[in-house]
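Please examine the sequence and the structure shown below. The briefing that follows is arranged by topic.

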2 protein chains.
Amino acid sequence: MSAKLHRTSDHPLSPVPLADFKVGVDNVIFSVDTQQNRLMVLVVMRHDEPFAGYWSLPGTLVRQGESLEAAAYRVLAEKIRVNTLYLEQLYTFGGPDRDPRESPQAFNVRYLSVSHFALVRFEDAELIADGVSGIAWYPLAQVPQLAFDHNEILTYGYRRLRNKLEYSPIAFDVLPEVFTLGDLYQLYVTVLGEGFSDYSNFRARLLKLGFLQDTGQKTSRGAGRPASLYRFDAAAFEPLKEKAMVFI
Amino acid sequence: MSAKLHRTSDHPLSPVPLADFKVGVDNVIFSVDTQQNRLMVLVVMRHDEPFAGYWSLPGTLVRQGESLEAAAYRVLAEKIRVNTLYLEQLYTFGGPDRDPRESPQAFNVRYLSVSHFALVRFEDAELIADGVSGIAWYPLAQVPQLAFDHNEILTYGYRRLRNKLEYSPIAFDVLPEVFTLGDLYQLYVTVLGEGFSDYSNFRARLLKLGFLQDTGQKTSRGAGRPASLYRFDAAAFEPLKEKAMVFI
DNA sequence: ACAAAAGTGTTTACTCTACACCCATGG
DNA sequence: CCATGGGTGTAGAGTAAACACTTTTGT
């Protein structure tokens with residue numbers, strides 16, 4: 001964000017007034033409910049204006065000395081206790097008038113949102129109910145009208161999630177240390193939808209890639225043949241990084 | 001960027017001080033010099049502190065009432081006159097201390113950079129020399145040490161450019177209305193490097209996709225058989241949108 | 001024995017790659 | 001007539017999609 005070079009706007013006595021910003025971080029937090037095969041989104045109830053009484057994406061304003069990423073992790077940590085997660089920056093929404101608080105009377109402060117998207121493990125994501133604010137997982141398909149432009153951010157986040165799942169090993173950030181290929185397949189089906197691939201083809205492709213390490217252990221869950229437990233081998237994945245690798 | 005829900009920070013009398021930001025927009029502007037087969041990057045010379053005397057990516061601070069995108073287009077328009085271009089948001093760099101102006105004495109103002117990347121047509125990009133600021137195209141490989149974290153932003157932009165070229169029809173935003181398949185191939189080779197694909201395979205794949213419309217016209221440039229001129233058919237491309245289509 | 005889930009294999013159709021080769025033009 | 005770039009075709013390897021089949025468990 002170097003200053004402009006033209007004197008007309010770079011000069012301290014510039015005639016063009018710069019905007020003053022508060023910077024917010026809003027998180028699209030996804031989780032896969034493997035019991036019911038549903039993709040969940042975390043939303044929080046707003047109690048203050050604007051949009052009091054609306055659900056919204058969990059967010060916060062960036063504090064002095066705090067990086068954007070740190071703010072994103074803070075929001076997450078304030079809402080849920082979780083060990084394993086994947087988080088990355090999504091997009092920055094910053095048009096004027098996206099936030100009703102930007103009235104000219106309010107000192108002309110603009111509100112900008114650096115959105116992030118996160119994927120957390122559903123089973124060990126413990127919601128932090130503070131007794132005041134509502135907080136809930138919604139199945140993606142049933143998310144209601146949200147505050148601000150948060151539905152738009154959510155749509156954007158979902159697109160990114162699907163892309164990431166196809167090209168990157170983020171599923172392993174959210175699966176247990178050892179898992180069955182069925183677990184992995186269910187996760188993919190839940191996010192990408194039925195019919196993205198046949199189980200046996202999915203299985204063959206992934207095993208051929210060679211970064212799934214068979215632990216030798218088996219697990220039995222009710223009826224059916226016991227499944228082998230696998231572990232993600234990050235070292236074996238290294239050479240595949242940056243390649244247009246497709247999981248689907 | 002909804003306000004936090006926890007009282008400790010959402011309350012007007014919050015004990016946690018929020019950061020105040022100036023928001024900058026920095027553009028990674030690429031162009032393909034088809035004469036010499038070089039990928040070029042636009043840089044401008046800084047005359048003011050910090051980093052006076054360094055080359056930097058063209059940038060500006062966002063003004064009151066101005067959207068991020070508008071600011072990005074303004075920077076571009078101030079540096080070059082160009083008709084055809086592609087522009088999109090890249091990433092937001094916002095850690096504390098990325099800008100030396102963020103001294104505690106300076107009212108604790110943070111500087112955040114919403115970087116964008118653009119691809120413009122080299123032939124009709126006319127640099128605007130204002131007599132004061134230096135401005136130049138550098139071949140990507142020879143870009144010097146830049147101000148701030150701009151080399152990092154440039155690296156990020158180059159990665160995005162390559163990805164975009166593989167998945168999206170941005171090449172046609174920067175090619176003339178009609179072009180030969182050789183023109184298109186050269187553009188790809190220049191950006192993606194030799195050996196991304198053989199010409200005849202590239203050709204066959206693209207023609208099969210069906211969105212290149214043969215105009216029937218031919219062009220002759222020196223020796224060699226005259227080439228057919230093609231036009232990008234946006235309507236025919238529509239159904240391919242959102243599909244993981246690969247040009248390479 | 002049977003259902004359920006895991007795991008293997010096979011067939012068929014494409015797609016990718018690396019070439020070889022023909023075509024039309026300028027010098 | 002030959003160098004130059006445009007354009008076509010093809011063999012062989014590899015990949016993808018659909019689906020049939022076997023294995024191992026719980027009930």
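Of the 248 residues of chain A, 52% count as buried, where buried means under 20% relative accessible area, taken with a 1.4 Å probe and protein chains only. This is a predicted model, in which local features need pLDDT of at least 70, side-chain atom pairs count only at pLDDT 80 or more, and totals for chains, interfaces and linings use all residues. Residues are numbered from 1 along each chain as its sequence is written.

**Surface and contacts**
- The accessible surface of chain A comes to about 11300 Å², and 51% of this surface belongs to carbon and sulfur atoms.
- Among contacts (heavy atoms within 4.5 Å) in chain A between residues at least 6 apart in sequence, 66% join residues at least 24 apart.

**Secondary structure and helix packing**
- Chain A contains six helices and twelve strands, assigned as DSSP runs (H or I, at least four residues, for helices; E, at least two, for strands).
- Helix H3 (residues 150-167) of chain A packs against helix H4 (residues 181-192) of chain A at an angle of about 145 degrees, with the axes 10 Å apart; axes are lines fitted to C-alpha atoms over the stretch in contact, and angles run from 0 to 180 degrees between N-to-C directions.
- A:Tyr158, A:Leu161, A:Arg162, A:Leu165 and A:Glu166 in H3(A) meet A:Leu187, A:Tyr188, A:Val191 and A:Leu192 in H4(A).

**Confidence**
- The mean pLDDT (the predictor's confidence in each residue, from 0 to 100) of chain A is 88, and 88% of its residues reach 70 or more.
- Over residues 1-12 of chain A the pLDDT is below 50.
- Where pLDDT is low, the predicted coordinates should not be read in detail.

Notes:
Chains are lettered from A and ligands numbered from 1 in the order in which they are written. Side-chain values use heavy atoms; hydrogens and water are left out. Buried means under 20% relative accessible area, exposed over 50%, partly exposed in between (1.4 Å probe, protein chains only). Accessible areas come from the Shrake-Rupley method with a 1.4 Å probe; for residues, only the protein chains shown count as cover.
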